Amino acid sequence: MKVLIVDDEEMIRGVLREYVEFEGGEAFEAADGMQAVKMCRESDFDIIIMDIMMPKLDGFSAVKEIKKIKNIPVIMLSARGEEYDKLFGFEMGVDDYVTKPFSPKEVMARIRAVLKRVSQTEGDKDIITFEGLTIDMAGRNVYVDGEKADLTPKEYEILFYFVKNRGIALTREKLLTDVWGFDFYGDDRTVDTHIKMLRANLKQYRKFIITLRGLGYKFEV
C-alpha cells in the first residue's frame, strides 16, 4: 500500500506516516498541492490523503489536476465541515472526507475501506473510454468514435499495455521486454514501427500516445 499524505502541517503528516508504516504500508509526503501533483506525475500511489487548505495550490485544485493524469482514490482532510465542501469534493471524484480534528485510527479505517471498494470494482472496468476512444479489455476490441478499429494482435497488446501504465514514461527497452518478451531480439525500430501503425488506426486519438524524445513513449489523457 503506497499512500501519499498531502498536508502543510508537518505534525499531521508525521502522525499519519507512523500509522501507515505501522500497518505495513509505504508513506510519502507532500507539503502542498503543487508538490503533490508533481509527485503523482512521477510516481504511482494506491491512495492519497489530501488536505484542502494549503499554500501554493489548495487540495481541491490539486485533486482536479491529478485526476487529469491518473485515477487515484482520494480522501480529503479539512478543518471545515460544511456540507458544500463535502458535496463539491464528491462531485470531483473524491472517495471520502474526514474533518479535522480526526483520529488517525479512523483515517486508517477509511483508507482500508476505500481500497477494498476500489479493488472490488476494478474487475468490472473491462471497458474503458477516453473521449471517443473505447477499449474493451476483455473482448480485445477497440472502437474509434463507435467504429471498430482493425488492430493487429500486437497493436492490441501495445495499446492495452499503454492503458494499464497510463501516465508512466515507458522506454523502448521496457516495451520490448514486457510486450514482446525477454526472448525477442528486435530493436527500437520494431517498437517505433508498431506504434506508428497503432497511431494510424487510432486516428485523432493518436494524441494520447506521447513521444518522449530520446526515451520512449507515454499514454496520457
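# A guided look at loops, strands and salt bridges

P101 sits in the loop between β5 (96-99) and α5 (104-122). A cis peptide bond, with omega at about -5°, connects K100 to P101. Bear in mind as you explore that this is a predicted model.

- You can find D7 in the loop between β1 (2-6) and α1 (10-22).
- Is D7 buried or exposed? With a relative accessibility of 0%, D7 counts as buried, because buried means under 20% relative accessible area.
- Setting aside neighbours within four places in sequence, D7 is in contact with I12, R13, A30, A31, D51, M54, L77 and K100.

- Strands β1 and β2 (residues 26-30) run parallel and are joined by five bridges.
- To see the pairing for yourself, look at V3, which stands opposite A27 in β2.
- Together, β1, α1 and β2 make up a β-α-β unit, and this unit is right-handed.
- As background, side chains in a regular strand alternate between the two faces of the sheet.

**One face of helix α7**

- Helix α7 covers residues 172-180, and its buried residues are R172, L175, L176, V179 and W180.
- Why do the buried residues line one face of the helix? Looking down the axis of α7, they fall within an arc of 100°, so they line one face.

**Two residues with positive phi**

- E131 is not a glycine, yet its phi is positive, at about 55°.
- The location of E131 is the loop between β6 (127-130) and β7 (133-136), and with a relative accessible area of 53% E131 is exposed.
- K203, also a residue other than glycine, has a positive phi near 55°.
- Look for K203 in the loop between α8 (188-202) and β11 (209-212), where it counts as partly exposed at 49% relative accessibility.

**Salt bridges**

- How many salt bridges does a search of the whole structure find? The search finds 18.
- One of them pairs K56 with D32, whose closest N and O atoms are 4.0 Å apart. This pair links distant parts of the chain, 24 residues apart: K56 is in the loop between β3 (47-51) and α3 (59-69), and D32 is in the loop between β2 and α2 (33-42).
- K56 counts as exposed at 69% relative accessibility, whereas D32 is buried, with a relative accessible area of 10%.
- Another salt bridge joins K68 and E65, with 3.2 Å between the closest N and O atoms. Both residues lie in helix α3, three residues apart, which is about one turn of the helix.
- K68 counts as partly exposed at 46% relative accessibility, and E65 counts as partly exposed at 26%.
- D96 and R110 also form a salt bridge, their closest N and O atoms being 2.8 Å apart. Here too distant parts of the chain are linked: D96 is in strand β5 and R110 is in helix α5, 14 residues apart.
- D96 is buried, with a relative accessible area of 15%, while R110 counts as partly exposed at 25% relative accessibility.

How values were computed. Residues are numbered from 1 along each chain as its sequence is written. This is a predicted model: local features need pLDDT of at least 70, side-chain atom pairs count only at pLDDT 80 or more; totals for chains, interfaces and linings use all residues. Side-chain values use heavy atoms; hydrogens and water are left out. Buried means under 20% relative accessible area, exposed over 50%, partly exposed in between (1.4 Å probe, protein chains only). Helices (H or I, at least four residues) and strands (E, at least two) are DSSP runs, numbered from the N terminus. The arc is that of the directions from the helix axis to the C-beta atoms. Contact means heavy atoms within 4.5 Å. Two strands pair if DSSP finds at least two bridges between them. A crossover is right-handed if, with the strands pointing away from the viewer, the path from the first strand over the helix to the second runs clockwise. A salt bridge is a side-chain nitrogen of Lys or Arg within 4 Å of a carboxyl oxygen of Asp or Glu.
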